[in-house]
Amino acid sequence: MSPVSSNAPHGPRPLRTVQVLGGGNAGSSAHVRSLADGLVARGVRVTVCAPAEADRTHDFSGTGADHVHVPRSSDPVSVAALRTACAHADLVHAHGLHASFRAVLALGGRTTPLVVTWHDRPHERGPRRQLLRVLERRVAKTAAVVLGTSPDLVDLARRTGARDARLAAVGLPRRRRSGGLLDVVGHDDPDRLRPKARAELGAIGRPLLLAAGPLDRHRGHDVLLDAARAWRDLDPVPLVVVAGEGPLRPALQRRIEDEELPVRLIGRREDVPELLAAADLALLTSSRESRSAFAQEALHARVPLVATRVGGTPDLVGDAAELVPYGDPAALADTVLRLLADPERCELLRERGTRQTATWPTEEQTVAQVLSVYDELTQPRPLP
């Protein structure tokens, strides 16, 4: 493996970076884990500042990085802990808005370059919404470089005052399971997983529709339940399985039982790729997405995807998925019904999905881009 060029301006010692993570987003946590793995392998010293529970889940220390427990709170104690961790860093890289704001506070008065990656945009209502907009402007104007995981996030950074905003090359990290890594199930995998998974879920002899993600208000699960009413009249009745956990579970479960909907909530799962391999269709009903890991896994697994036309999803999937408006259960229901009755269209989407996944960056390309940014910010510039 070639040596990392970022070592050059620091003499014999390696580049020292601090990765700051809030710990609340599974996608950004998996990205940081993958990034730490690649950076350490290339000779970079990495310290991950994240809540202890995030390290237990993603095992940042297992990459060879150091882990420092920093709570998600922006109170003075957390900021002081982060400031200490960043004291000898050549560069700080923060992920997500809240982690980025804590990094801004911790680096106050220092010249240490700050790189920020925005994986999503927090959406709140009322006074908190205004506060988030203030934080966005502060972070965007302070960071040396803002990386957005989708074009809409890059545009947001530019509108809010970023000096340098770029599209991040974010490869799909492999999912982690207790005891090791779990690869995305791709189209070269045998079909041996399919019967077992379908039997476990109760989808023998009926179509299986899979959704995955936290059970919170922006994921559109209420719209999914509205659409499921239309599928009750089919023979056989499709089964909708939702993998994920969250605060809306009790309300969703009550609706499922009261309306006798063909929907199962199966909780948080580590085997989503295997579940996708068993599914006939994948459903993504969110009100916002930047670079959905579930959408990427669906296309890798050659499962036809129906997704809402929001955020970065259209750019991510291209023509390899059926896109519907957010909050339109009739459009969602009609699109699913049409695909279930049209195997030729489903096969076309599978072929397009294979082509689309080939255009996405790999984890290695993600690390290469980040190192290139680090080089720009840390290597000495020639005198004019």
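Which residues in helix 3 meet which residues in helix 4? I started my notebook with that pair.

**Ground rules.** I am reading a predicted model, in which local features need pLDDT of at least 70, side-chain atom pairs count only at pLDDT 80 or more, and totals for chains, interfaces and linings use all residues. Residues are numbered from 1 along each chain as its sequence is written, and side-chain values use heavy atoms, with hydrogens and water left out.

**Entry 1: helix 3 and helix 4.** I found Val79, Leu82 and Arg83 of helix 3 against Arg102, Ala103, Leu105 and Ala106 of helix 4. Contact means heavy atoms within 4.5 Å. I sorted these residues by class: 5 are nonpolar, none is polar and 2 are charged. (Under 35 degrees is roughly parallel, over 145 roughly antiparallel, 65 to 115 roughly perpendicular, the rest oblique.) Axes are lines fitted to C-alpha atoms, for helices over the stretch in contact, and angles run from 0 to 180 degrees between N-to-C directions.

**Entry 2: helix 4 and helix 5.** Next I followed helix 4 to helix 5 (residues 127–142). Their axes lie 9 Å apart at an angle of about 55 degrees, so the pair is oblique. The crossing is left-handed. (Left-handed: the near helix is turned anticlockwise from the far one by less than a right angle; right-handed: clockwise.) From helix 4 I listed Leu97, His98, Ser100, Phe101, Val104 and Leu105; from helix 5, Arg128, Leu132, Leu135, Glu136, Arg138, Val139 and Thr142. This contact has 7 nonpolar, 3 polar and 3 charged residues.

**Entry 3: helix 8 and helix 13.** I then looked up helix 8 (residues 221–231) and helix 13 (residues 329–340), packed at about 50 degrees with axes 8 Å apart. Their crossing is right-handed. Helix 8 gives Val223, Leu224, Asp226, Ala227, Ala230 and Trp231; helix 13 gives Pro329, Leu332, Ala333, Val336 and Leu337. I noted 10 nonpolar, no polar and 1 charged residues here.

**Entry 4: whole chain.** I noted 15 helices and 15 strands. (Both are DSSP runs numbered from the N terminus: helices H or I, at least four residues; strands E, at least two.) Of contacts between residues at least 6 apart in sequence, 64% join residues at least 24 apart.

Key:
Nonpolar A, V, L, I, M, F, W, Y, C, P; charged D, E, K, R; others polar.
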